[in-house]
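Here are a few notes to read with the model open beside you.

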Amino acid sequence: MAYLLRGLIVIMVAAIGLTTCVALGFIDVGISHIKLAIPAYLYTIFAQAFVMFYFIGVSRLVNNINLIITSEKNLHELFDDAPADLTPYKDKVKRYVHKADLAKRQTIPWTMLMIILGMIAFFLGGAHDTNMVEKTTHSGVAYGFIASMLIGFVRQWHFLGQTHQLLREVKTLFSIPDGQM
């Protein structure tokens with residue numbers, strides 16, 4: 001899943017990059033940047049929703065495992081035969097919870113900033129076309145959107161890799177088949 005999400009965000013950056021290059025006049029593709037901005041921004045919302053819910057889902061999964069391990073109830077959900085000493089599992093799961101929550105905290109604010117700045121830039125672009133705001137207002141917010149998107153992209157790329165590795169470790173620790181998560 002992490003590889004698919006990485007592919008989605010690469011396409012997102014490419015779509016916004018193409019829109020920006022057309023707007024600045026670096027590339028001529030035969031249509032205006034406005035016609036490119038509409039599907040590019042809708043795709044950005046789509047991709048960021050998937051990324052955000054991936055991090056939320058992984059964090060929820062690891063927190064649920066932590067709840068089972070610490071409460072020692074429903075251990076049959078994790079083990080065929082529960083070990084008598086759960087201390088090694090508790091330590092590892094505590095580390096997994098920290099990593100999953102860190103990944104979520106480090107990426108979701110950038111996702112939200114991306115979506116909000118993109119929406120404002122989108123609306124200001126329409127306002128500029130109807131001469132309600134200056135071009136610099138729309139451009140400034142669009143550049144802020146691009147900056148947040150690039151920072152968010154790097155963070156998401158990094159934490160998608162770490163979270164993928166975390167899921168591999170969780171599956172190995174509890175002998176969970178690949179097809180179940």
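This is a predicted model: local features need pLDDT of at least 70, side-chain atom pairs count only at pLDDT 80 or more; totals for chains, interfaces and linings use all residues.

1. Residues are numbered from 1 along each chain as its sequence is written, and side-chain values use heavy atoms, with hydrogens and water left out.

2. Start with helix 1 (2–24); helices here are DSSP runs of H or I with at least four residues, numbered from the N terminus. Helix 1 has 23 residues and spans 33 Å from first to last C-alpha, close to the 33 Å expected at 1.5 Å a residue (1.5 Å times one less than the number of residues). Its buried residues include Leu 5, Arg 6, Ile 9 and Thr 19, where buried means under 20% relative accessible area, exposed over 50% and partly exposed in between (1.4 Å probe, protein chains only). The buried residues of helix 1 pack against helix 2, helix 3 and helix 4. Gly 25, with a positive phi near 85°, follows helix 1.

3. Which residues have the most contacts inside the largest nonpolar core? They are Tyr 54, Ile 69 and Phe 174, in a core of 44 residues. Such a core is a set of buried Ala, Val, Leu, Ile, Met, Phe, Trp, Tyr and Cys residues joined through side-chain atoms within 4.5 Å. Helix 4 gives the most to this core, with 12 residues. Leaving aside neighbours within four places in sequence, Phe 174 is in contact (heavy atoms within 4.5 Å) with Ile 65, Ile 69, Leu 78, Phe 79, Tyr 89 and Val 93.

4. Beyond its neighbours within four places in sequence, Ser 59 is in contact with Ala 100, Asp 101 and Lys 104.

5. Glu 72 sits in the loop between helix 2 and helix 3 and is partly exposed, at 45% relative accessible area. Asn 131 is in the loop between helix 3 and helix 4 and counts as exposed, at 70%.

How values were computed
Helices (H or I, at least four residues) and strands (E, at least two) are DSSP runs, numbered from the N terminus.
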